[in-house]
Amino acid sequence: MKQHIAVQIDDLTVAYDYKPVLWDIDLEIPEGVLMAIVGPNGAGKSTLIKAVLGILKPIAGSVSIYGKSYDKQRSLVAYVPQKGSVDWDFPTTALDVVMMGTYGSLGWIKRPRQKQKKAALEALEKVGMLPFKNRQISQLSGGQQQRVFLARALVQDASIYFMDEPFQGVDATTEIAIINILKELRKAGKTVVVVHHDLQTVPEYFDWVTFLNVKKIATGPVKDIFNDDNLTKTYGINYKVSIQE
Amino acid sequence: MSSAQIEIQLIASLVAVACAIPGVFLVLRKMAMISDAISHSILPGIVVGFFITQDLNSPLLIILAAITGVITVVIVEYIQRTGLVKEDTAIGLVFPVLFSIGVIMIAKNANDVHLDVDAVLLGELAFAPFDRLEISGVDVGPKSLWIIGFILVLTLILLTAFFKELKLSTFDKGLAATLGFSPALIHYGLMTVSSVTTVGAFDAVGAILVVALMIAPAAAAYLLTTDLKQMLVLSVLFGVFSAISGYWLAHWLDASIAGSITTMLGLLFLIVYLFAPSKGIIAVMYREKQQRTEVSLLTFLLHLKNHDEVNERHVNHLYEHINWQKVRAKNVLELALKNNMILIDKDVVSLTKKGEEFTSKAIDYIITNEDSQIEDMKDDFFLFRG
């Protein structure tokens, strides 16, 4: 059986002020995987996602989503940025933030209507945040804010989801709620790519993993490549995780 | 009221509204200082335009000045991107240079025309009604009223059309970019509108008041609401209120209109800053005091829960054991009594059932930090809000 390639990254190099943070990355992300991107701080994990989504301009290389450029495939892709990337004191409600996920399908000028509102409410329901729909976003806990972000991505009804550290600073309940939703997405045939920090949970949460440290170290199924050898190559020191049985 | 008085108030109000709208987005984008930069650095644009047209209200002058405004933003961002200086430093470097070029140009060439540095800084609202617009010989009102009116209509059209885009790119630039709404395009659109508004308002109220009209109403509204549309409406109302009350203050004091409007803006912000219901300084202080008391209460209840010994629960012993001064201990004791959380029997304190339940629940929450446990307690206790 030949698996479709959801995201194809060729020779991607990204630099901040001429200092490369990603060197010549070649990466294929097969359709329907739940992939963790792991690597030390400054390895370029977030940068990789941002370059794929066109938020950062690479100095070399190309990215294609199902064989076409990102600009043509926008509607297939949803993105959950790091929670800290926005100002949570912004005057708006949880529902309104989720509605923002529908803006892409609306295009310029057109306003969200009943249909978009309904979709947003459904997404809030899925992440268990419906009771908080009218709450101002600064009045939400860190875990609740992360769920609102997840709902905003769900409402886009995309094929590929990119998430930048969705488990950062959330409580255990939220972490389980989020991973369950991600697993549901995979079950529905979606591709999910997650920048992840906690190596201990990689085998439990993900079926695919990419080791990244400025260069790509390895990519493949967790059961084949999540081992001390790759961890040491990625993190530099003699790294050993006790993988739970 | 004479018609000139009405016209002045009308111009001041329209200027206030036209400034308040971009001001809201500047404040939310934490770019308040950029409006200061724009308002000063458009001066060379105005001067050059004035030399060409000899008319302070010519559209060419507005266009030239607006371009200077946008150039300012571009230069500031360029300097900042080099990473050698921070944004506020970049702003502080760029606008004085452009402003002083304007000042020198006025001093060298325009000594005998109606364009002096005082008017540039503070505006001359009082003279605005004298410069009339005539269409085929018919007087249709002051020129500045038409200019700011036109700019305001344009701003309102853009705001209505691109409200969604402005909101999205202000809140989350990254998402805006991935959804195909170029944040750069929206950013420079906003900068252009801010520049045009500044130029339009400049002649009437001067460089300093333009900044105040953009920032103060939005900053005050920000403290009062958690809804962007409401914030826009409140900013507009605050702007108009300050414009009209400022005019009458100036009338009463026989002082500068621009100065009086700015004073009203300052006072208005001060009042909101002090008295805003949830974000105001008094509300915050009150909340912090309540939270301190509630923490004390919880400490006290927990102490009772953990100690069965009578001597640990004796009223007099409590002062020593929890290390509190008498007044504080008395306050906490009264609060607990008022909420039926304790019973005092012969100076020995014990928890009631309610007190027991409350303590376990609160401790549970603090340990697990699970939100669902605490939702129903939020209304009664500050401690568990936000």
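Mentor: A salt bridge here is a side-chain nitrogen of Lys or Arg within 4 Å of a carboxyl oxygen of Asp or Glu. The model under discussion is predicted.

Trainee: By that criterion, how many salt bridges are counted between chain B and chain A?

Mentor: One pair that meets the criterion is B:K30 with A:D87, whose closest N and O atoms are 2.7 Å apart. That separation lies within the 4 Å cut-off. The count between chain B and chain A is three salt bridges.

Trainee: Which helix gives the most residues to the side of chain B that touches chain A?

Mentor: Four helices of chain B, α7 (143-171), α8 (173-178), α9 (183-222) and α10 (228-253), each supply at least two residues to that side. The largest contribution, ten residues, comes from α7(B).

Trainee: What are the numbers of nonpolar, polar and charged residues on the side of chain B that touches chain A?

Mentor: Chain B brings 35 residues to the contact, and chain A brings 36 residues. Divided by class, the side of chain B has nine polar, eleven charged and 15 nonpolar residues.

Trainee: Which residues of chain B lose the most area to chain A?

Mentor: The two chains bury about 3,000 Å² between them, and carbon and sulfur atoms give 61% of that area. On the side of chain B, three residues together account for 25% of what is buried there. They are B:K164, B:F171 and B:T178.

Trainee: What distance separates the centres of domain 1 and domain 2 of chain B?

Mentor: Chain B is divided into domain 1, spanning 3-279, and domain 2, spanning 283-381. Taken over C-alpha atoms, their centres are separated by 53 Å.

Conventions:
Residues numbered from 1 in each chain as written. Chains lettered and ligands numbered in written order. Predicted model: local features only at pLDDT ≥ 70, side-chain atom pairs only at ≥ 80, totals over all residues. Heavy atoms only, no water. Domains from an automatic or database assignment. Contact = heavy atoms within 4.5 Å. Buried area = accessible area lost by both parts, 1.4 Å probe. Nonpolar A, V, L, I, M, F, W, Y, C, P; charged D, E, K, R; others polar.
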